[in-house]
Amino acid sequence: KQWYQRRVAITAGEEEEQMLTQSLAQLKGVQSRFMESQESVLKLSKKEVGKDVLVPLTSSMYVPGQLANIEKVLIDIGTGYHVKMTIPEAKGYFTRITEYITKKMEVVQKNLIEKDKLRQVTT
């Protein structure tokens with residue numbers, strides 16, 4: 001009976017560790033997408049009105065277009081909402097959101113280290 005309880009505890013710990021690892025990987029992916037978006041906004045600010053660009057319709061389909069305004073950008077803030085921002089506002093938004101995600105990643109990483117230490121003690 002004691003062996004079985006120990007095995008159940010170890011399995012639960014391994015599952016939780018696996019879930020934390022997956023969460024960390026997802027957060028890294030989100031963080032990199034926001035960083036890429038910030039880079040794109042900064043590159044856009046160096047372009048000229050009338051410059052030819054490719055405009056994304058979906059994640060894999062683009063159409064040709066021309067820049068009509070380089071002062072403001074439309075930022076997807078999630079769940080289908082878009083906000084018009086100036087370049088400095090967009091940069092600030094992306095900086096804040098990547099800092100927030102980085103802090104969340106640090107918490108998950110800390111939990112992963114604690115789970116790993118606990119697993120090493122129990123095995």
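**Loops, patches and rings**

Me: Where is Thr79 found?
Reply: In this predicted model, Thr79 is found in the loop between strand 3 (72–78) and strand 4 (81–86).

Me: Why is Thr79 called exposed?
Reply: Its relative accessible area is 78%. Exposed means over 50%, so Thr79 belongs there.

Me: What about the backbone, and what is phi of Thr79 near?
Reply: Phi of Thr79 is near 45°, which is a positive value in a residue other than glycine.

Me: On to Leu57. What makes Leu57 exposed?
Reply: The relative accessible area of Leu57 is 51%. The cut-off is over 50%, so Leu57 counts as exposed. Leu57 sits in the loop between strand 1 (52–56) and strand 2 (62–66).

Me: Which residues make the nonpolar surface patch?
Reply: Val55, Leu57, Met61 and Val63 make it, and the patch covers about 310 Å².

Me: Why does Lys51 count as partly exposed?
Reply: Lys51 has 39% relative accessibility. Buried needs under 20% and exposed needs over 50%, so 39% puts Lys51 in between, as partly exposed. Lys51 lies in the loop between helix 1 (2–44) and strand 1.

Me: Which residues form the positive surface patch?
Reply: Lys51 again, along with Lys43, Lys46 and Lys47.

Me: Now the rings. How many aromatic pairs does the structure hold?
Reply: Three.

Me: Why is the pair of Phe34 and Phe94 called tilted?
Reply: The ring centres of Phe34 and Phe94 are 6.1 Å apart, and a pair needs centres within 6.5 Å. Their planes stand at 50°. Stacked is under 30 degrees and edge-to-face is over 60, so 50° makes this pair tilted. The pair links distant parts of the chain: Phe34 is in helix 1 and Phe94 in helix 2 (residues 87–122), 60 residues apart.

Me: Are Phe34 and Phe94 buried or exposed?
Reply: Both are buried, a label that calls for under 20% relative accessible area.

Me: What makes the pair of Tyr93 and Phe94 edge-to-face?
Reply: The angle. The planes of Tyr93 and Phe94 are at 65°, and edge-to-face begins over 60 degrees, so the name applies. The centres of these two rings are 5.3 Å apart, and Tyr93 is buried, as is Phe94.

Me: Which residues do ring pairs link into a cluster?
Reply: Phe34, Tyr93 and Phe94. Phe94 takes part in the tilted pair with Phe34 and in the edge-to-face pair with Tyr93.

Note on methods: Residues are numbered from 1 along each chain as its sequence is written. This is a predicted model: local features need pLDDT of at least 70, side-chain atom pairs count only at pLDDT 80 or more; totals for chains, interfaces and linings use all residues. Side-chain values use heavy atoms; hydrogens and water are left out. Patches are made of residues with over 30% relative accessible area and no salt bridge: like charges are joined within 9 Å, nonpolar side chains (Val, Leu, Ile, Met, Phe, Trp, Tyr) within 5 Å. Accessible areas come from the Shrake-Rupley method with a 1.4 Å probe; for residues, only the protein chains shown count as cover. A salt bridge is a side-chain nitrogen of Lys or Arg within 4 Å of a carboxyl oxygen of Asp or Glu. Helices (H or I, at least four residues) and strands (E, at least two) are DSSP runs, numbered from the N terminus. Buried means under 20% relative accessible area, exposed over 50%, partly exposed in between (1.4 Å probe, protein chains only). Lys and Arg count as positive and Asp and Glu as negative; His and the chain ends are not counted. The place of a charge is taken as NZ of Lys, CZ of Arg, CG of Asp or CD of Glu. Rings of Phe, Tyr and Trp (its six-membered ring) pair if their centres lie within 6.5 Å; planes under 30 degrees apart count as stacked, over 60 as edge-to-face and the rest as tilted.
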